[in-house]
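Let's walk through this one together, step by step. Keep the sequence and the 3D view side by side as you read.

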Amino acid sequence: QVQLVESGGGLVQPGGSLRLSCAASGSIFSINAMGWYRQAPGKTRELVAGITTDGVTKYYADSVKGRFTISRGNAKNTVYLQMNSLKPEDTAAYYCNAAPSFNALARGTFRSWGQGTQVTVSS
């Protein structure tokens, strides 16, 4: 099983930037893709960005393309999300997760999630 710890959220004004970090531990040998999801109040959790651990394949939801950048750390078990030009509609709890394949990442059906990190975009 993989344990996840997210950090880097906070309160930021519209147009501002934040960088989220995620570290996975446990059965990291099984990880081939990692991604960031978000869930706003009253909405379902959605995948906003994903990356394979070799860095070759990246995915972005249409709502964040051109504003968010996902990257992997030197270690296979870390992933970052640079968020620029933030909008109020980006306000949500952000979670990361890890999967053995990109398809599994896209399905998003995980047994467990980390505690998440709150991003609030407001003036």
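Start with L86, which is buried, with a relative accessible area of 1%; buried means under 20% relative accessible area, exposed over 50%, and partly exposed in between, using a 1.4 Å probe on protein chains only. You're looking at a predicted model, where local features need pLDDT of at least 70 and side-chain atom pairs count only at pLDDT 80 or more, while totals for chains, interfaces and linings use all residues. Residues are numbered from 1 along each chain as its sequence is written, and side-chain values use heavy atoms, with hydrogens and water left out.

So where does L86 sit? You'll find L86 in the loop between β8 (78–83) and β9 (92–99). Strands here are DSSP runs of E with at least two residues, numbered from the N terminus. Setting aside neighbours within four places in sequence, L86 is in contact with residues including V12, P14, L18, F68 and V121, where contact means heavy atoms within 4.5 Å. K65 is 21 residues from L86 in sequence, and their C-alpha atoms are 12 Å apart in space.

Now hop over to T117, in strand β10 (residues 117–121). T117 is buried too, with a relative accessible area of 10%. The T117 side chain reaches the backbone nitrogen of G9 at 2.9 Å. Beyond its neighbours within four places in sequence, T117 is in contact with E6, S7, G8, G9, L20, A92, A93 and Y94.

Next, zoom out to the sheet. Strands of a sheet pair through backbone hydrogen bonds, either parallel or antiparallel. Here 6 strands form an open sheet with mixed pairing, in the order β2-β10-β9-β4-β5-β6; two strands pair if DSSP finds at least two bridges between them. At the edges are β2 (10–12) and β6 (58–60), each pairing on one side only. Strand β5 (residues 46–52) pairs with β6 in the antiparallel sense over 3 bridges, and G50 has Y59 in β6 as its bridge partner.

Finally, peek inside. The largest nonpolar core has 28 residues, and L4, M34, W36, I70, L81, M83 and Y94 have the most contacts inside it. Such a core is a set of buried Ala, Val, Leu, Ile, Met, Phe, Trp, Tyr and Cys residues joined through side-chain atoms within 4.5 Å. A second, separate core of 7 residues includes L47, A99, L105 and F110.

Definitions and conventions:
Helix = DSSP H or I, 4+ residues; strand = E, 2+ residues; numbered from the N terminus. Polar contact = N/O pair within 3.5 Å; in protein donor to acceptor, adjacent residues only side chain to side chain.
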